[in-house]
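User: I'd like to learn how to read salt bridges in a model. Can you walk me through some?

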Amino acid sequence: TPSLPPTQPSAENTSYLSKLRNLIPFGGKTPAVPDLATLLARAEDPIPFLRDCPLLSFKAYDKMAVELVSVHPAAREQLSHCFVSNTVPKLDSAGLAKASDNFNRTAWFRQYRTFDPTRALEEYRRTLPGLSAPGVKTPDEFAQNPPSWTAAVGARVPHPAINYPEYQHLVSHCHRVATSLGAELRLAGGDIGDLLLKKHLQPHFKAVGRFPLISQYDALSCSYGLTNIEATLMSDSKTALENYYTLLQDQKQLYGARHPVVAQTLTDIADLKFSTNDASGSKEALESALNIYERLPQSAKEEHFMEVGLALSSLGIVLGSLGDKKRSRELLEGALAVYQTVPADGNVSKKQRRLVASTLTDVAHAYLCEGDVTSAKKHIDFAIMAHRNLYSDPHRETLRTLNVMSIVYALLGDKPESERLRQEMGRLENKLDSQPLVL
């Protein structure tokens, strides 16, 4: 909270505060406190009221640009009750209204789904900044070896030791930054703009990952981000695979072998193996990833739906290359259904739309491989509409879709249309080749 100038308490507050001043001081026996929650609920602006209350102390920390509030045990229970009974319902109501509004205005699949307030509320609560982060030391663990400001902020001039509330804030803030970076990376695909985004995220992952007080969970999250970005930008697949396997062992040791982050890393390893013509190794890694996802509770599957869809579609493509045409098509159709999951806030990311469009093309191609030209035509018509809605400029995925579409028309006997599509592909390819690649 920002620092505010001293204010004169109201008559009601003055009366209440005079009662508190007659009580025993901080650190003594817990007094019988008047109804603090009721007065807080009535207060037009509770912040000045709380600043005048002798049961709370405020201390500003310029290095963190925040104030930490210490609460006397006599007031803690009432403040907690006030937060749960008054503040939480207001936050929930505002979050639910915003999620419903976003769903009605922007949801891409709203014609297929209805708004789910229960799921939306759960998703909203997960986005609220927590008071702590995974891996925060207990007060006793912290007391055994308290870090100093010198270690925490890398200062050259020694600073006094950090107290426990400061430590909690630093680790929790670091957790929120690492989580935000991971969320940005999750929505990045393989387009030029996404590659640029990954390149810009790279130094941030490095800086946060080097922070001395970062929890081991957040440090590992930053390691995943860096490994993923480096594998995308580097041309040395062997080194990238070695980095992924090192990361995988660390993840298994910290999270266990059946955690979603392990499955996500296995999917990345499978993609790298497939790009180096190791289809069998890719198949094995993807089956292990899907085995982990299948054992998750439904709520966790919904939270990681894009990762589940990626594992399904990747395995479908791998099996197609190995000649298992029917299983390949079934997995791709399963991925397409998963990708049509509407996020709780109703906002469908561009990456999710791209995944739907590209998977439609993959499903059409799978039907072609099975000889079902009619089903291939239905899916490729949807795919070309989706790609043209997504990309105003020439794009490789549009070219791939046009290629499959030209084959479909050729098999249907419409050679003029097939030839027209190939000519359009040629024009788009010339435009793409003339565009510079800048990273």
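User: How far apart are K377 and D381 in helix α18?

Analyst: K377 and D381 sit 4 residues apart in helix α18 (residues 373–390), about one helical turn. Helices here are DSSP runs of H or I, at least four residues, numbered from the N terminus. This is a predicted model, where local features need pLDDT of at least 70, side-chain atom pairs count only at pLDDT 80 or more, and totals for chains, interfaces and linings use all residues. Residues are numbered from 1 along each chain as its sequence is written, and side-chain values use heavy atoms, with hydrogens and water left out.

User: What do K377 and D381 form?

Analyst: Side chains of opposite charge can pair when their charged atoms come close. K377 and D381 form a salt bridge, with the closest N and O atoms 2.6 Å apart. The term means a side-chain nitrogen of Lys or Arg within 4 Å of a carboxyl oxygen of Asp or Glu.

User: Which helix holds E397 and R400?

Analyst: That's helix α19 (residues 396–411), where E397 and R400 are 3 residues apart, about one helical turn. Their side chains meet in a salt bridge at 2.9 Å, N to O.

User: How many salt bridges does the structure hold?

Analyst: It holds 12. Among the linked ones, R388, E417, R420 and E424 make up a network.

Terms used
Helix = DSSP H or I, 4+ residues; strand = E, 2+ residues; numbered from the N terminus.
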